[in-house]
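Visitor: I would like to learn how to read a protein model, one feature at a time. Please give the general idea and then the case at hand.

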Amino acid sequence: MRQIFLDTETTGLYPNQGHRIIEIAAVELFNRRPTQQHFHVYLNPEREIDPGAQEVHGITLEFLSDKPLFADIADAFLDFIGTDELIIHNAPFDVGFINAEFGRIGRPDLHKNVTDTLKIAKEMRPGQRNNLDALCRHYGIDNTKRTLHGALLDAELLADVYMAMTRGQDSLMMELESKPDESSVKANLARGKLKVVRASDAEQIEHTAYLAGLAKSGGALWEKLA
């Protein structure tokens with residue numbers, strides 16, 4: 001299963017007021033694993049950047065003056081994302097800007113296979129801050145490099161956050177669908193065919209970090225029972 005984590009930076013907050021995308025990044029995961037493949041470009045917006053927006057991302061119009069226009073990269077962007085699931089934090093914001101850019105060049109809107117992680121986070125953590133920094137802190141994800149917003153770094157952090165938010169779902173479904181019968185397990189034990197695979201040091205460290213993240217949201221049920 002291929003998933004694309006996407007983020008943008010813009011000249012301001014409202015595409016219907018003429019604000020434009022100045023940076024767009026898409027990071028690929030396949031079967032919940034990073035492939036190291038990504039799409040990342042800076043864009044010339046052909047307009048000024050709002051001071052408030054520039055304080056957030058630190059990107060200047062001077063830096064963007066020799067960068068391509070959205071029309072120049074539209075086909076390459078569509079080729080990269082394909083029709084696979086897009087995962088975006090506060091998806092209406094980014095999708096609204098992308099569709100506005102496509103509209104300017106006479107192209108149809110982006111496909112609709114979009115998952116909004118902000119919506120998921122609000123359902124899991126009602127009444128709490130659920131921006132990307134807050135979620136990184138909650139799940140124990142290192143975001144110390146995020147001194148300013150940047151589309152590529154934010155897309156990579158979002159992938160880490162999403163994996164933490166949905167951890168265990170795939171393995172649980174596999175277990176439910178393919179649970180072995182008791183007689184088969186006993187037979188294999190008697191024959192000595194079941195191989196015990198010990199967790200590596202790296203896996204132990206990752207497990208400890210995961211438990212620390214659980215502790216921040218109330219702790220693991222098995223620890224409470226113990």
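**Reading helices, strands and contacts**

Guide: Helix α3 (residues 70-81) and α4 pack with their axes 10 Å apart and at an angle of about 115°. This is a predicted model, in which local features need pLDDT of at least 70 and side-chain atom pairs count only at pLDDT 80 or more, while totals for chains, interfaces and linings use all residues. Residues are numbered from 1 along each chain as its sequence is written, and side-chain values use heavy atoms, with hydrogens and water left out.

Visitor: How are two packed helices described?

Guide: The angle between their axes and the distance between the axes describe them. Axes are lines fitted to C-alpha atoms, for helices over the stretch in contact, and angles run from 0 to 180 degrees between N-to-C directions. Helices (H or I, at least four residues) and strands (E, at least two) are DSSP runs, numbered from the N terminus.

Visitor: Which residues of α3 and α4 meet?

Guide: Contact means heavy atoms within 4.5 Å. From α3 come F70, A74, F77 and L78, and from α4 come I98, E101 and F102. By class, the contact of α3 with α4 has 6 nonpolar, no polar and 1 charged residues. Here Ala, Val, Leu, Ile, Met, Phe, Trp, Tyr, Cys and Pro count as nonpolar, Asp, Glu, Lys and Arg as charged, and the others, Gly among them, as polar.

Visitor: What is the order of the strands in the sheet?

Guide: Two strands pair if DSSP finds at least two bridges between them. The open sheet of 5 strands has the order β3-β2-β1-β4-β5, and its pairing is mixed. Its edge strands, β3 (33-42) and β5, each pair on one side only. On average, neighbouring strands of this sheet are turned by 25° against each other, direction ignored.

Visitor: How many bridges join β1 to strand β2?

Guide: There are 9 bridges between β1 and β2 (residues 21-30), and these strands run antiparallel. T8 has I24 as its bridge partner in β2. Helix α4 packs on the sheet, where it touches β1, β2, β4 and β5, and its direction makes about 75° with that of β1.

Visitor: In which sense do β1 and β4 pair, and what joins β4 to β5?

Guide: Strand β1 (residues 2-10) pairs with β4 in the parallel sense over 3 bridges. Strand β5 (residues 114-116) is joined to β4 by 3 bridges, and these two run parallel. Opposite I87 stands T115 in β5. From β4 the chain crosses through helix α4 (residues 91-104) to β5, and this β-α-β crossover is right-handed. Right-handed means that, with the strands pointing away from the viewer, the path from the first strand over the helix to the second runs clockwise.

Visitor: Are the residues of strand β4 buried or exposed?

Guide: In a regular strand the side chains alternate between the two faces of the sheet. Buried means under 20% relative accessible area, exposed over 50%, partly exposed in between (1.4 Å probe, protein chains only). In β4 (residues 85-88), E85 and I87 on one side and L86 and I88 on the other are all buried, so both faces are covered.

Visitor: Where is A155 found, and what does A155 touch?

Guide: A155 is found in helix α7 (residues 151-165). With a relative accessible area of 0%, A155 is buried. Not counting residues up to four places away in sequence, A155 touches F5, L6, D7, A25 and V27.

Visitor: Why does R104 count as partly exposed?

Guide: R104 counts as partly exposed because its relative accessibility is 38%. R104 is found in helix α4.
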